[in-house]
Amino acid sequence: MKKKYLLAPGPTPVPSSALLAMATPIVHHRAPEFAPVLKEVQEGLKYLFQTKNDVIMLASSGTGGMEGSVANLLSKGDKALVVVGGKFGERWRDICNAYGVETINIDVTWGEAVDGSIVKKHLDENPDIKAVLLQASETCTGVMHPVKEIADYVKERENTVLIVDAITGLGVFNLPMDDWGLDVVVTGSQKALMLPPGLAFVALSDKAIKMMETSDLPKYYFNFKKELKAIAKNSTAYTPAVSLIVGLKDILSMLREEGLENVFARHEKLANATREAVKALGLTLLAPNAPSNALTAVNAPEGTDAGSIVKLYREKYGITVAGGQDHLKGKIFRLAHLGYSDTFDVVIAISALEMILAELGVDFEKGAGINKAMELLSK
Ligand SMILES: *Cc1c(COP(=O)(O)O)cnc(C)c1O
């Protein structure tokens, strides 16, 4: 037997209370028993998104929420400004292009955050930009982009919206939607929301709802107007993912009980311990300047292939971590610490890393990583 650990940036482990809730018999989505579930979930989502507006739930992975955001707000030939600093930034660009939206791409070196002043410069030079699209946390590189700064530039422009992929940001660090003036916030079920994959969530500001009125891009399942109308009647346009929503109810009450501030503080503590432990082992971070608290991307030590580190984690220790993508393949590995993640998940990740580095013949001070992690985690 080998005990399995999921320490990848999605899907993340699911708490047993949510697993049990999802194992109960299916309720009909139009039956009276489901109405209070939908209502409670809607309230919980507003708390999580920090918004007064309704939050749309879609039966899709997170990308469906991204695609729907483009299809429901923009129009053919519109111009969008996209921050491309990793695979998920590329996804925004590609979705826009697939729908005939012209993109101005800010190509950011993978591992760095976008420079907010460059966003501002583009907005000043191109007053016809309809939307700015970026990741709050670029999971491909472990970078956190300066969402608040960019929101400040966008919110003073009447005809431009800010669309944020917060799939590894929401529920990890503070992203107060209404307070900062974020227009569209997208997340998915299988990251900080600690659920199996299969749900996407989208919240819209009043400005975004207004922009939807003029959008002429094709849409059918991902029709936000239809969903908002349904939510107003405490319903959904189509058959919702009933079991996942029953699990979500459990998760949202867990988050509420912990309190958002404590949720953010827990992620900060785990992220900080991971980063410092890795550094104590003599390794370097891919994104030292703007690290996301969702995950830590680590450069493989000189002369080692990150792929063999990921492989040893999985095959020898039953731990799933993520490798690098595209040109970072073989160069980095990514340790996640989001969602249903706590002190001993970090201890597991770091102690296994020490065993792996030793096996690969890497020169490092034995115990330095785990000692640093224990010191910071016990504070
Ligand atoms: C996981 C993730 C997505 C969505 O991926 P899906 O596989 O469609 O759920 C999008 N953006 C970011 C930043 C992510 O981490």
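**Backbone exceptions, a helix pair and a ligand site**

Modeller: In this predicted model, Asn234 belongs to the loop that runs between helix H9 (224-232) and helix H10 (242-258).

Colleague: What is the phi of Asn234, and how should I read the value?

Modeller: The general idea is that most residues other than glycine have a negative phi. Here phi of Asn234 is near 50 degrees, which is a positive value in a residue that is not glycine.

Colleague: How do H13 and H14 pack, and at what angle?

Modeller: Two packed helices are described by the angle between their axes together with the distance between those axes. For helix H13 (residues 343-359) and helix H14 (residues 368-377), the angle is about 170 degrees and the axes are 8 Å apart. Because angles over 145 degrees count as roughly antiparallel, H13 is roughly antiparallel to H14. The contact involves Thr343, Val346, Val347, Ile350, Ser351 and Glu354 on H13, and Ala368, Gly369, Ile370, Ala373 and Leu377 on H14; by class, these residues are seven nonpolar, three polar and one charged.

Colleague: Turning to the ligand, which residues come nearest?

Modeller: There are 14 residues around the ligand, and Ser61, Thr63, Thr139, Asp165 and Lys191 come nearest. Looking at individual side chains, an N or O atom of Thr63 is 2.4 Å from an oxygen atom of the ligand, while the corresponding distance to a ligand oxygen is 2.7 Å for Lys191 and 2.8 Å for a polar side-chain atom of Gln190.

Colleague: How much of the ligand's accessible area does the protein cover, and which elements give two or more residues to the shell?

Modeller: The ligand on its own has 390 Å² of accessible area, of which the protein covers 88%. Helix H3 (62-73) and helix H4 (87-98) are the elements that give two or more residues to the shell, and H3 gives the most, with three. By class, the shell has eight polar, three charged and three nonpolar residues.

Key. Residues are numbered from 1 along each chain as its sequence is written. This is a predicted model: local features need pLDDT of at least 70, side-chain atom pairs count only at pLDDT 80 or more; totals for chains, interfaces and linings use all residues. Side-chain values use heavy atoms; hydrogens and water are left out. A residue is near a molecule or strand if one of its heavy atoms lies within 4 Å of it. A polar contact is a pair of N or O atoms within 3.5 Å; within protein, one must be able to donate a hydrogen and the other to accept it, and residues adjacent in sequence count only if both atoms are side-chain atoms. Accessible areas come from the Shrake-Rupley method with a 1.4 Å probe; for residues, only the protein chains shown count as cover. Helices (H or I, at least four residues) and strands (E, at least two) are DSSP runs, numbered from the N terminus. Ala, Val, Leu, Ile, Met, Phe, Trp, Tyr, Cys and Pro count as nonpolar, Asp, Glu, Lys and Arg as charged, and the others, Gly among them, as polar. Axes are lines fitted to C-alpha atoms, for helices over the stretch in contact, and angles run from 0 to 180 degrees between N-to-C directions. Angles under 35 degrees count as roughly parallel, over 145 as roughly antiparallel, 65 to 115 as roughly perpendicular and the rest as oblique. Contact means heavy atoms within 4.5 Å.
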